[in-house]
Amino acid sequence: MLYPLKFKKVFIEKVWGGREFETKLDMKLPENRKIGESWEISAHPNGMSIVENGELAGKTLQEVYDEYKEKLVGNKVYNEYKDRFPLLIKYLDVNDRLSIQVHPDDETALKNHNELGKSESWYIMEASPDAVLIMGMKPGITKEQFLTKAENNDFEGLFEEKTVKKGDFIDIVPGTVHASLKGSIVFAEIQENSDITYRIYDFDRTENGVKRKLHIKESADTIDFDKKVDIVNTDFKENETRRNLIRKKYYSIDKIKINNTFTDINDESMIIYSILEGNGTINQENYSLEIKKGESVLVPPHISVTLKGDFEILRTVIE
């Protein structure tokens, strides 16, 4: 019998990472390493999740998916994705400049990498007062201008810069140039199950004495030069407890404030909770699972759960 699943965190070291997961999200990190990402729910080979609670503890998410199929994700979802688990859930600590990058769509990624494309959404959990992101190209920049400047390692004047603060939500569709430029941010990321990134510029940083690889041609072919990015603040208004942040093909995300109890079930797809604030329990009949800020839980379809405590969460489903 399936139940709410929590997974061991997979920590990914990054040149732009830091130690904010310890102070902001109460995670226990490996010592003396800059951790940029915590992969929370992943069936990707670059960071495979392992169940840490209940009877399935020790199994990988892919093993659970292979065994339970539509019982884990829902009939419609399984029929759409078959043996490929559809989503990847993360937290990120961007403590230095995130490389300027762009992700391909499904068609390009499947053709060239046998992976899904990377449509993703960010919810800003913490941001320094000086936090500035790159989101999109400046108006009027053409592919030809981009290639000419990139050949000369000159990226000045190409990108839109936007300030960001706690509670902001950003939907980043494939083809959207994005990065962080100043300050630091911690955010929850909901994305397709993909790890394909085309790096445009990495501020001339090196790993083991070698500059990190760039993907200028692939980026130029992928960038949507006219894409405008909206940054939406999601702070609840008076008496508001639920707000839809995005509804699209790949996933729908609601932000929910819970005071005391919240009962939930979805017969169409799994539910994924990303805990933004607070702590308490998720309860299913005689089963109870403790949860807190900085954790994530997968609830299979047709399972009624009650969250008890004071929380703010992201609730992700596939409609």
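How much of the chain over residues 6–114 is helix and how much is strand? Select that span: 30% is helix and 25% is strand, and its end C-alpha atoms are 28 Å apart. Helices (H or I, at least four residues) and strands (E, at least two) are DSSP runs numbered from the N terminus.

This is a predicted model, in which local features need pLDDT of at least 70 and side-chain atom pairs count only at pLDDT 80 or more, while totals for chains, interfaces and linings use all residues. Residues are numbered from 1 along each chain as its sequence is written, and side-chain values use heavy atoms, with hydrogens and water left out.

UniProt, in an unreviewed entry, gives residues 6–114 the feature "domain: Phosphomannose isomerase type I catalytic". Such annotations may be inferred rather than shown by experiment; their positions follow the numbering used here and feature names are shortened.

Next, select residues 246–316, which the unreviewed UniProt entry annotates as "domain: Mannose-6-phosphate isomerase cupin". This span is 0% helix and 72% strand, with end C-alpha atoms 10 Å apart.

Now colour domain 1 (5–233) and domain 2 (242–317) separately; these bounds come from an automatic or database domain assignment. Their centres, taken over C-alpha atoms, are separated by 22 Å. The contact (heavy atoms within 4.5 Å) takes 42 residues from domain 1 and 32 residues from domain 2.

The two domains bury about 2,900 Å² between them, 58% of it on carbon and sulfur atoms. Buried area is the accessible area (1.4 Å probe) lost on putting two parts together, summed over both. Show K6, Y123 and I190: in domain 1 these lose the most area to domain 2, together 19% of what that side buries.

Zoom in on E126 and K293, whose side chains form a salt bridge (3.4 Å, N to O). The term requires a side-chain nitrogen of Lys or Arg within 4 Å of a carboxyl oxygen of Asp or Glu. Between domain 1 and domain 2 the count is five salt bridges.

Finally, select strand 5 (120–127), one of the elements supplying at least two residues of the domain 1 side that touches domain 2. Strand 5 gives the largest share of that side, five residues.
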